[in-house]
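Biologist: I'd like a close look at one helix pair, and then at what surrounds it. Please keep it brisk.

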Amino acid sequence: MTLAIIKSMGIALLLTIFLEGLFGAIWGVKGGRNFVIMLLANLLTNPLVNIIHIYFAYEMKLDGLAMAIITALLEISAVTLEWLVYKSRTDIKKPFLFSLSANGFSFLCGILINLMR
């Protein structure tokens, strides 16, 4: 893996943690424990999603509809895994809706950031 990819993944992880933490604060998530679990859930899902995405985009050279499907499946997987973590380890209200909304917010912010580059 090149240094540029590692740097890009690090930036994506930090932005995701920041954005989903901000979203959690707006949602009304309380308690340091809940935020630590959110951090750990993102440390689990974000790098894995990005590594798989990079693999299909750059190694398998997929694009267009194929990458849109891969991206959707990866995001659905992240939402599901984070929901299961939040449901079992936090007192976040409506953990599925929270996971879906936080990931959607983060994903859309990522799209906007990439469009502005």
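Predicted model: local features only at pLDDT ≥ 70, side-chain atom pairs only at ≥ 80, totals over all residues.

Biologist: In what kind of crossing does α3 pass α4?

Modeller: The crossing of α3 past α4 is right-handed. Residues are numbered from 1 along each chain as its sequence is written, and side-chain values use heavy atoms, without hydrogens or water.

Start with the pair itself. Helix α3 covers residues 64-89 and helix α4 covers residues 95-116. Their axes come within 8 Å and cross at roughly 140 degrees. Axes are lines fitted to C-alpha atoms over the stretch in contact, with angles from 0 to 180 degrees between N-to-C directions. α3 is therefore oblique to α4 (under 35 degrees is roughly parallel, over 145 roughly antiparallel, 65 to 115 roughly perpendicular, the rest oblique).

Now the residues. From α3 come Thr71, Glu75, Ala78, Val79, Glu82, Trp83, Tyr86 and Lys87. They meet Pro95, Phe96, Phe98, Ser99, Leu100, Asn103 and Phe107 of α4. Contact means heavy atoms within 4.5 Å. By class, this contact has nine nonpolar, three polar and three charged residues. Ala, Val, Leu, Ile, Met, Phe, Trp, Tyr, Cys and Pro count as nonpolar, Asp, Glu, Lys and Arg as charged, and the others, Gly among them, as polar.

α3 also packs on α2. Here the angle is about 160 degrees and the axes are 10 Å apart. That makes α2 roughly antiparallel to α3. This crossing is right-handed too: α2 passes α3 that way. On the α2 side, the contact residues include Ile37, Leu44, Val49, Ile52 and Phe56. Among their partners in α3 are Thr71, Glu75, Ala78, Glu82 and Tyr86. The contact of α2 with α3 has 15 nonpolar, four polar and four charged residues.

α1 passes α2 in a right-handed crossing. Contact residues in α1 include Ile5, Met9, Leu13 and Gly24, and those in α2 include Phe35, Leu39, Asn46 and Ile54. The class count there is 13 nonpolar, six polar and one charged.

Asn34 lies in helix α2. At 4% relative accessibility, Asn34 is buried (under 20% relative accessible area; exposed is over 50%, partly exposed in between; 1.4 Å probe, protein chains only). Beyond its neighbours within four places in sequence, Asn34 contacts Val29, Thr90 and Asp91. Asn34 and Arg89 are 55 residues apart in sequence, yet their C-alpha atoms are 8.0 Å apart in space.

Finally, the whole protein. It has four helices and zero strands (DSSP runs: helices H or I of at least four residues, strands E of at least two, numbered from the N terminus). The radius of gyration is 14 Å, close to the 13 Å that the globule rule gives for 117 residues, so the protein is as compact as a globular protein of that length. That radius is taken over C-alpha atoms, and the rule is 2.2 Å times the number of residues to the power 0.38. The C-alpha atoms fill a box of roughly 40 × 25 × 25 Å along the principal axes. Of the 117 residues, 31% count as buried.

Methods. Left-handed = near helix turned anticlockwise from the far one by under 90°.
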